[in-house]
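Here are my comments on this model, jotted down as I went through it. Have the coordinates open while you read.

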Amino acid sequence: MGAGAATRVAGAIGAFLDGPVPVRIRAWDGSEAGAAPAPGVPTVVLRSRLALRRLLWEPGEMGLAHAYVSGDLDVDGDLAEGLSAMWALVRSGTISARRPGLRELPGLGVAAARLGLLGPKPAPPPEAIRIEGRLHSRRRDRDVIAHHYDAGNAFYSLLLDDSMAYSSGYWCSEDSTLAQAQHDKLELICRKLDLAPGRRLLDIGCGWGSLAVHAAREHGANVRAVTISKEQRDHVNARIRAEGLAGKVQVDLLDYRDVAGRITATDGPFDAVSAIEMGEHVGDEHYPTFAATIHGALRPGGRALVQQMSRGANAPGGGAFIETYVTPDMVMRPVGDTLTFLQQADLEVRDVHVMREHYVPTIRAWLATLEEHFDEAVALLGERGARMWRLYLAGGALAFEENRMGVDQILLARPTDRGRSGMPPTRDDWAVRSRSEAGKPGT
């Protein structure tokens, strides 16, 4: 469309690439340039010059994240598909940055001036987290959790299913709904922990009470739950009252580091301990304390289950965007390294259930809900906050799908002094099957 802004942008970008610009560019003046429109070719929409200035100051993931969250940059159409296409171009080497030659520099300077790119570094959107204090100190951990989990129960009620489970579901069938997948995940955990009427569960990092309520209501367990989020504590207490579980579930506003002195010493030991996607927030320095807390809370012969996100040995894990906008200080390590921590606490690893693929439909279900209720999310979080969640969920689903992040259920036992674990000889005791399989003879 003539020599508009998009043409100048495409020319400037081309100086850094070893080939043609692989995306379609639509600029703030309506002009378009770059790759020809075609299936699989994302269209990057530059809504203002500030998008380019952000990218100039912070090339890569953070510049793109700041530009998207602020609304200066968009991806036309489905964001997840656009991100997937962009990532595929990077992996294939189609996008391969190079240093421009000396002869190109004057022209780039002129183009930058004409595009209005010269100027100070733009401030990040206010949704970017600014956390102070010593890494994984109690105060800093509370601030991190408050930023993400105290965003408001109204928003999480909008995003999640009725169980309020904010962790990977367990998809026994392609026909499962999110609610069924979360129910089956909770049921799987309870069966692995061998919960039954009167047995006692300690749930560390209980979230909005999905497991605590399920264990008490469906299995008759007596549950002690802890969280450091006030919003979560208040929500769980409301659920306890609503479901008539007073006396079966108790929730405390408590740091995991205080469990040994405040709960285990007076009310322990427990038959089972759970920590569902909480261990990522602990960090390497304090993980031995976390593992020792689980061991100390268990009776000999008791079981523990840790569901935790992981990464491959050469995979980035959460990455800069999650560290900046979502959950700073989150640690994702290869699952083998986490097993070592747990074994060093004298916990026996009995089963490792890789559930990476299950997180993909879980997050996509959350994203679909967000898109369906986007205006409501904007009313609760503001435009930038809702865009941050859209980018987070779209990128998160891709990270699990493409094996850059994983999630695993680790089943542990505290053997008796004579080495007895109390575990069944096979996994059949805790199997959860799809509804169609459950009706077949022999299942």
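**Notes on cavities, helix pairs and backbone**

1. S9 is the top contributor to the lining of the second largest cavity, giving three residues. Elements here are DSSP runs numbered from the N terminus, with helices being H or I of at least four residues and strands E of at least two. Before going on, a caveat: this is a predicted model, with local features needing pLDDT of at least 70 and side-chain atom pairs pLDDT 80 or more, while totals for chains, interfaces and linings use all residues. Residues are numbered from 1 along each chain as its sequence is written, and side-chain values use heavy atoms, leaving out hydrogens and water.

2. How many cavities of 30 Å³ or more does a search of the whole structure find? It finds two. A cavity is a set of points on a 1 Å grid over the protein atoms alone where a 1.4 Å probe fits but cannot get out, and lining residues have an atom within 4 Å of a point. The second largest cavity has a volume of about 30 Å³, where volume is the space filled by probe spheres set on the points, joined across faces, edges and corners.

3. Lining that second largest cavity are Gln308, Met309, Ser310, Arg333, Val335, Thr338, Asp408 and Ile410. Strand S9 (298-310), helix H14 (335-344) and strand S11 (406-413) are the elements that give two or more residues. By class, the lining has three nonpolar, three polar and two charged residues (nonpolar: Ala, Val, Leu, Ile, Met, Phe, Trp, Tyr, Cys and Pro; charged: Asp, Glu, Lys and Arg; polar: the others, Gly among them).

4. Helices H2 (residues 49-57) and H3 (residues 61-70) have axes that come within 8 Å and cross at roughly 155°. Axes are lines fitted to C-alpha atoms over the stretch in contact, with angles from 0 to 180 degrees between N-to-C directions. H2 and H3 are therefore roughly antiparallel (over 145 degrees). Contact, meaning heavy atoms within 4.5 Å, involves Ala51, Arg54 and Leu55 of H2 with Gly63, Leu64, His66, Ala67 and Ser70 of H3.

5. Now the other pair: the axes of H8 (residues 178-192) and H9 (residues 210-219) come within 10 Å and cross at roughly 70°. That makes H8 and H9 roughly perpendicular (65 to 115 degrees). On the H8 side are His183, Leu186, Glu187, Ile189 and Cys190, meeting Ser210, Leu211, His214, Ala215 and His219 in H9. This contact has five nonpolar, four polar and one charged residues.

6. Two backbone spots to look at. Gly268 and Pro269 are joined by a cis peptide bond, omega about -5°, with Pro269 in the loop between helix H11 (259-267) and strand S8 (270-276). Asp194, in the loop between H8 and strand S5 (200-204), has a positive phi near 60° despite not being glycine. Most residues other than glycine have a negative phi, and most peptide bonds are trans.

Conventions:
On a 1 Å grid over the protein atoms alone, a cavity is a set of points where a 1.4 Å probe fits but cannot get out, and a pocket is an open set with protein on both sides within 12 Å along at least five of seven lines; lining residues have an atom within 4 Å of a point. Angles under 35 degrees count as roughly parallel, over 145 as roughly antiparallel, 65 to 115 as roughly perpendicular and the rest as oblique.
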